Structure formats: structure tokens, C-alpha cells
Amino acid sequence: MDCIFCKIVNDEIPGQLLLRDEYVCAFRDINPVAPSHVLIVPNKHVDSIDSLSTEDAGLAGKLLLAVKEIARMENIASSGYRVIVNNGVDGHQEVQHLHIHVIGGAPMQHQLG
Ligand code: AMP
């Protein structure tokens with residue numbers, strides 16, 4: 001499968017990796033929209049939230065806990081941050097490997113959508 005995030009997870013192309021464990025990886029977004037912009041991905045290929053199965057409940061929890069860990073590592077836990085998961089066409093998901101954006105280090109704009 002030709003998936004850019006699988007390639008980062010598998011060290012086939014370079015990424016600015018911040019965290020890696022058995023289940024998830026976190027790396028810096030190549031085109032950051034804020035001082036801190038990190039992507040958290042499952043190590044196994046999952047297309048999107050919509051592709052998660054009930055067997056992935058543990059993995060979904062690992063991804064959320066990695067958000068908390070990244071916020072701590074990036075020193076944005078107390079100042080606050082935004083968590084975004086784009087899903088599908090209307091969500092403007094560009095990379096078809098589930099990823100959580102963790103964005104912070106500056107106040108976010110108020111509006112969503
Ligand atoms: P999305 O619209 O949620 O699918 O966002 C995809 C994100 O992946 C964008 O913010 C891109 O800047 C980011 N991205 C694409 N290619 C890479 C890469 N090779 N390394 C890090 N981030 C990437």
C-alpha cells in the first residue's frame with residue numbers, strides 16, 4: 001500500500017518523530033499551522049475514524065492518551081490546544097491514514113468549520 005504515513009511509521013521516509021510505541025507514532029506536521037503541530041497515527045494502517053472497528057477500541061484509547069502525552073512533551077498541556085481529526089471528503093481528509101492533529105502554542109481562532 002502506498003501510504004505516506006505508513007512509510008513514516010516504518011522508517012521508509014524521514015519524519016520528525018516525537019513518540020513511538022507498540023501502537024502509535026507521533027511526528028511533526030510538515031506544514032505546521034501553529035508553533036506546535038503534531039500528528040498522531042496508529043502504527044497499523046487504518047483509513048479513517050470511519051474505518052475503526054469495535055476491536056480497535058483499545059487502539060482508539062491509545063491514540064487519545066498519546067494526545068495527552070504529546071501536549072505534555074510540547075509544553076502546551078496547561079496553555080491549551082486543539083485536537084482535530086479530519087474524516088472523509090467533507091472533512092477535507094487529505095491523507096488516508098487516520099491521524100489526530102494536535103495544534104497549540106498560540107491561541108486558536110474561535111470558529112470551527
Ligand atoms: P488532513 O487534511 O487531516 O489529511 O491533513 C494531512 C496533514 O498531513 C497535513 O497537515 C499535511 O501538512 C500533513 N503531511 C502530509 N505529508 C506529510 C509528511 N510527509 N510528514 C508530515 N506531515 C505531513
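Helices (H or I, at least four residues) and strands (E, at least two) on this tour are DSSP runs, numbered from the N terminus. What you have open is a predicted model, where local features need pLDDT of at least 70 and side-chain atom pairs count only at pLDDT 80 or more, while totals for chains, interfaces and linings use all residues. Residues are numbered from 1 along each chain as its sequence is written, and side-chain values use heavy atoms, with hydrogens and water left out.

**Stop 1: a loop residue**

Select asparagine 75, in the loop between helix 2 and strand 4. Its phi is positive, about 60°, although asparagine 75 is not a glycine. Is asparagine 75 buried or exposed? Asparagine 75 counts as exposed because its relative accessibility is 68%.

**Stop 2**

Now jump to aspartate 11, in the loop between helix 1 (4-9) and strand 1 (17-20). This is another residue that has a positive phi of about 60° although it is not a glycine. With a relative accessible area of 57%, aspartate 11 is exposed. Arginine 20 counts as partly exposed, at 40% relative accessibility.

**Stop 3**

Side chains of opposite charge can pair when their charged atoms come close.

Pick arginine 28 and glutamate 74, whose side chains meet in a salt bridge (2.8 Å, N to O). Arginine 28 lies in strand 2 and glutamate 74 in the loop between helix 2 (57-73) and strand 4 (81-84), so the pair ties together parts that are 46 residues apart in sequence. Arginine 28 is partly exposed, with a relative accessible area of 28%, whereas glutamate 74 is buried at 18%.

Next, show lysine 44 and aspartate 56, a salt bridge with the closest N and O atoms 2.7 Å apart. Both residues sit in the loop between strand 3 and helix 2, 12 residues apart. Lysine 44 is partly exposed, with a relative accessible area of 45%, but aspartate 56 is buried at 7%.

**Stop 4: strand 3**

Colour residues 36-42, which make up strand 3. How many of its residues are buried? Seven of its seven are. Ser36, Val38, Ile40 and Pro42 point one way, while His37, Leu39 and Val41 point the other way.

Bring in the strands that pair with it; pairing takes at least two bridges found by DSSP between two strands. Strand 2 (residues 24-28) runs antiparallel to strand 3, and five bridges join them. To see a facing pair, select valine 24, which stands opposite proline 42. Strand 5 is also antiparallel to strand 3 and joined to it by five bridges. There, isoleucine 100 is the bridge partner of isoleucine 40.

**Stop 5: histidine 101**

Stay in strand 5 (residues 100-104) and click on histidine 101. Histidine 101 counts as buried because its relative accessibility is 12%. What does its side chain make a polar contact with? The partner is the side chain of histidine 37, at 2.8 Å. A polar contact is a pair of N or O atoms within 3.5 Å; within protein, one must be able to donate a hydrogen and the other to accept it, and residues adjacent in sequence count only if both atoms are side-chain atoms. Leaving aside residues up to four places away in sequence, histidine 101 touches (heavy atoms within 4.5 Å) several residues, including Asp29, Leu39, Arg82 and Ile84.

**Stop 6: the ligand**

Finally, select the ligand. 16 residues surround it, the closest being Asp29, Asn86, Glu94, His99 and His101; a residue is near a molecule if one of its heavy atoms lies within 4 Å of it. From isoleucine 30, a backbone N or O atom lies 3.1 Å from a ligand nitrogen.

Definitions and conventions:
Buried < 20%, exposed > 50% of the residue type's maximum accessible area, 1.4 Å probe, protein only. Salt bridge = Lys/Arg side-chain N within 4 Å of Asp/Glu carboxyl O.
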